[in-house]
Amino acid sequence: MSTPESEPSAEPAAALPAVAPHLRALRRRAGLTLEAAARDAGLSPAHLSRLETGQRQPSLPMLLSLARVYGTTVSELLGETTADQDMVLRAADTEPTVAGGWTYRQAGSPGRGMQALRVEVPHGSQSGIVRVHPGEEWLYVLKGRLLLRLGDALHRLAPGDSAHFDSLTPHRIAAQDPDGVELLFVHTLLQSPTAALCLGPTYGDVS
């Protein structure tokens, strides 16, 4: 079994300039040493140190794992402030975030229990990554065709199709076509010390 550290994440740290200082601050707020936080998140201390100093860019599974360990949300890890009131988000005001080859844009208020994202998934990116974590996920295909594996079942989703599932069901997402796929993605992240967020490549191709 692999860990969140084992998936490719060697993209330039400049893509997420605000992440590094927040990772360190939130770890200290949680009262965790580098070694303890790395162990609980399934990372090596050296890798977590590189994330905190901006030498490496965290992928979404890594952010989910660290959010669980620190008792916070991915939005706070990304440096977004908690919304004090209901919020209208304009498309022109959203900045893309690239992690693990995927491009994310906030599609809802940060700091909420339900996190909404607009996600672009390139063809062949993270297609071998199996995710398992507490909570629920809902996704809606905007453009392109999506390959969604839930447990042993493979589903092919076209624009307008959606899926809603328990995140403890092992799941993988991949773009079917060379042009990639774009989707709306909503998830709830329930805090759990036993959550396994990334199982790594397993048998059974998603394609």
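**Entry 1: the helix α1**

I looked up helix α1 (residues 19-29) and found Val19, Ala20, Leu23, Leu26 and Arg27 buried. Seen down the axis of α1, these residues fall within an arc of 140 degrees, so they line one face of the helix. The arc is taken from the directions between the helix axis and the C-beta atoms. A handy reminder: an α-helix has 3.6 residues a turn, so residues three or four places apart point the same way.

On the face turned away from the buried side I noted the exposed residues Pro21, Arg28 and Arg29. Buried means under 20% relative accessible area, exposed over 50%, and partly exposed in between (1.4 Å probe, protein chains only).

What do the buried residues of α1 pack against? I found α2 (34-41), α3 (45-52), α4 (60-70) and α5 (74-77), where contact means heavy atoms within 4.5 Å. Just after α1, Gly31 takes a positive phi of about 75 degrees.

**Entry 2: about the model**

This is a predicted model, where local features need pLDDT of at least 70 and side-chain atom pairs count only at pLDDT 80 or more, while totals for chains, interfaces and linings use all residues. Residues are numbered from 1 along each chain as its sequence is written, and side-chain values use heavy atoms, leaving out hydrogens and water. Helices (H or I, at least four residues) and strands (E, at least two) are DSSP runs, numbered from the N terminus.

**Entry 3: the sheet**

I traced an open, antiparallel sheet of six strands, in the order β1-β2-β3-β9-β4-β7. Two strands pair if DSSP finds at least two bridges between them. The edge strands, β1 (97-99) and β7 (162-166), each pair on one side only.
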